[in-house]
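Here are a few notes to go with your first look at this chain.

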Amino acid sequence: MSQKYDITMKNIFSDMADDIMSYFLGLQYTKIDELNIEFARVERRDSDMIFKCTTDKGNVAVHIEFQSENDEKMPYRMLRYSLEIMEKHDLLPYQIVVYIGKDNVKMANSLNYNFGEQNTLDYKYKIINVGDIKYTDVLKTDYYDLYSLLPLMDKNRRKEEGEKYLERCVEAIKDIPLDINKKKDIAFKAEILSGIVFKKEVIERVFSEVMRMFRIEESETYKMIIEKGIEKGEKEKSIKIAKKLLKEGMDIDRIAEITELSKGEIKKLMN
């Protein structure tokens, strides 16, 4: 990834760190601090995300890299990060590459050699291919920040359904039980990431509808309609309760107090 795109990815994924560590890694942790590693001596590039965390194995540095293309030099980069983490922060690194590319993963996740008992290297890290993650598995969770990645998931289903799959992702985002601003943020990130695997015209067509819906939900008219619907539902519920209490012989004053209906409304129910 170019440095400009690298920075964009860092901003997109910053809110996902907790969900990635919990869902992708199954890690039980307490996040303490965000660390920064930059290779001034070797290469001008910032690592994506490194967090100092407390786990059942003690303090570790969880290092998450995001990659949209296959990079044959990835193991060397990851090893350099690993060494920098240990040297600068005296922490054991827990490293993961989150691959969000369109093609199959072709990167190695290890480096090793053996020149005898006292001259060996056996280094490995974890690669997670987002395309291998099932769409339905994520929808069963409350890791809502990961919904931004839905367009990149379930590669086989995505290829089979095409635009219909992207529409499913958008519908899922629309149904998230969060406030409108958070949903807009997730949808915005999903739209950007969709560009990795979908054509521009498809993305514009599908996401224009969800953004229109979000604008409607922000309008005062929409809010008024929803409020009126709630009021109507509450009124109908109160009438139903009042009828039941009347059958049980409760006096009108007491029913009015319980249901917040007027005495006139209750008297009409008696007829």
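1. Let's begin with burial: of the 271 residues in the chain, 41% are buried (under 20% relative accessible area with a 1.4 Å probe, protein chains only). Keep in mind that this is a predicted model, where local features need pLDDT of at least 70 and side-chain atom pairs count only at pLDDT 80 or more, while totals for chains, interfaces and linings use all residues. Residues are numbered from 1 along each chain as its sequence is written, and side-chain values use heavy atoms, with hydrogens and water left out.

2. Next, the secondary structure: the chain has 11 helices and seven strands (DSSP runs, H or I of at least four residues for helices, E of at least two for strands).

3. Now look inside. The largest nonpolar core holds 51 residues (buried Ala, Val, Leu, Ile, Met, Phe, Trp, Tyr and Cys joined through side-chain atoms within 4.5 Å). Phe13, Val98 and Tyr147 are among those with the most contacts inside this core.

4. Which residues does Phe13 touch, not counting those up to four places away in sequence? They are Met49, Phe66, Ile100, Leu149 and Leu193, with contact meaning heavy atoms within 4.5 Å. A second, separate core has 10 residues, including Met74 and Tyr81.

5. Contacts also reach along the sequence: of those between residues at least 6 apart, 59% join residues at least 24 apart.

Notes:
Buried means under 20% relative accessible area, exposed over 50%, partly exposed in between (1.4 Å probe, protein chains only).
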